[in-house]
Amino acid sequence: LTVPLIAPSILSADAARFGEETKAVDEQGADWIHLDVMDGHFVPNITFGPVIVKALRPYSKLCFDVHLMIEPVDLFIEPFVKAGADQILFHIEAGPHAHRTLQTIKSFGIKAGIVLCPATPAQAISELLDMVDTILIMTVNPGFGGQKFISSQLPKIKQIRQMADATGRDIRVSVDGGITKETAPLVIKAGADVLVAGTSVYGQQDYRQAMNALRGTDKK
Ligand code: DX5
Ligand code: ZN
């Protein structure tokens, strides 16, 4: 099995110390930093916008994986690029013009990702595969950290892995929501190669140990 990349979500970090919390997971072996942007409209919660992303930029050189749970999307791409996003992910459910959104993101020379909610079938993104760098499969309904993993998404992860591989392009398959050391082996087996994790990293004392437990590299 492949060792997945770990992208800790700062949503579960100490919000008063986001900078230090970003630096801490960087120093302890994180691969990407996952930033959950929520607008209180597309999802029933509000987090932060480009101002915070920009403020965090000096704390890590790792890939800033910016997960937009907002609607509309296009208006906010440039502000997040300017804030320092390395990859912008948006939801296929957030509007009818995902192709245009991907073009806009790519026009800034950064990476683009598309996200599917649990209710959305894999086929919904079949016409976009030539433009995406990452496909993110939500394994909870977006909006909150600390929810229970929805295991019905496992066949979809497998299906998307096959769709991604069939393109011959290097596409990352990421999962987000309820990833723990118990569910990680299931999603890795299904084909995920990036694990987003909030609670199971920031809810632990030892971040390095927590990330290695998700990778499965903690066992001798
Ligand atoms: C949920 C967010 C996730 C969330 C994951 O809407 O997109 O990134 O922070 O949190 P855990 O890992 O606690 O389920
Ligand atoms: Zn997320």
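Q: Before we start, what should I know about the UniProt positions here?
A: UniProt positions follow the numbering used here, and annotations may be inferred rather than shown by experiment. Also, this is a predicted model.

Q: Okay. Which residues does the "binding site" annotation cover?
A: The UniProt annotation, from an unreviewed entry, covers His 34, Asp 36, His 67 and Asp 176. They are spread over 143 residues of sequence but cluster in space, with a largest C-alpha distance of 10.5 Å.

Q: Take His 67. Where does it lie?
A: In strand E3, residues 63–69.

Q: Is His 67 buried or exposed, and why?
A: Buried, because His 67 has 27 C-beta neighbours inside 10 Å, and 20 or more is the cut-off.

Q: What does His 67 touch?
A: Leaving out residues up to four places away in sequence, it touches His 34, Leu 35, Asp 36, Val 37, Leu 89 and Val 115. His 34 and Asp 36 are also in the annotation.

Q: And Asp 176, where is it found?
A: In strand E7, residues 172–176. Asp 176 is buried too, with 25 other C-beta atoms within 10 Å. Its contacts, again skipping residues up to four places away, are Leu 136, Met 138, Thr 139 and Val 196.

Q: Which strand does E7 pair with over three bridges?
A: Strand E8, residues 194–197, in the parallel sense. There, Ser 174 stands opposite Val 194.

Q: New topic: in what order do the strands of the sheet run?
A: E1-E8-E7-E6-E5-E4-E3-E2. These eight strands form an open sheet with parallel pairing. The twist averages 25° from one strand to the next.

Q: Why do E1 and E2 each have one side without a neighbour?
A: E1 (5–8) and E2 (32–38) stand at the edges, so each has a single partner strand.

Conventions:
Residues numbered from 1 in each chain as written. Chains lettered and ligands numbered in written order. Predicted model: local features only at pLDDT ≥ 70, side-chain atom pairs only at ≥ 80, totals over all residues. Helix = DSSP H or I, 4+ residues; strand = E, 2+ residues; numbered from the N terminus. Buried ≥ 20, exposed ≤ 12 C-beta atoms within 10 Å, placed from the backbone. Contact = placed C-beta atoms within 7 Å. Pairing = 2+ DSSP bridges. Axes fitted to C-alpha atoms, helices over the stretch in contact; angles between N-to-C directions.
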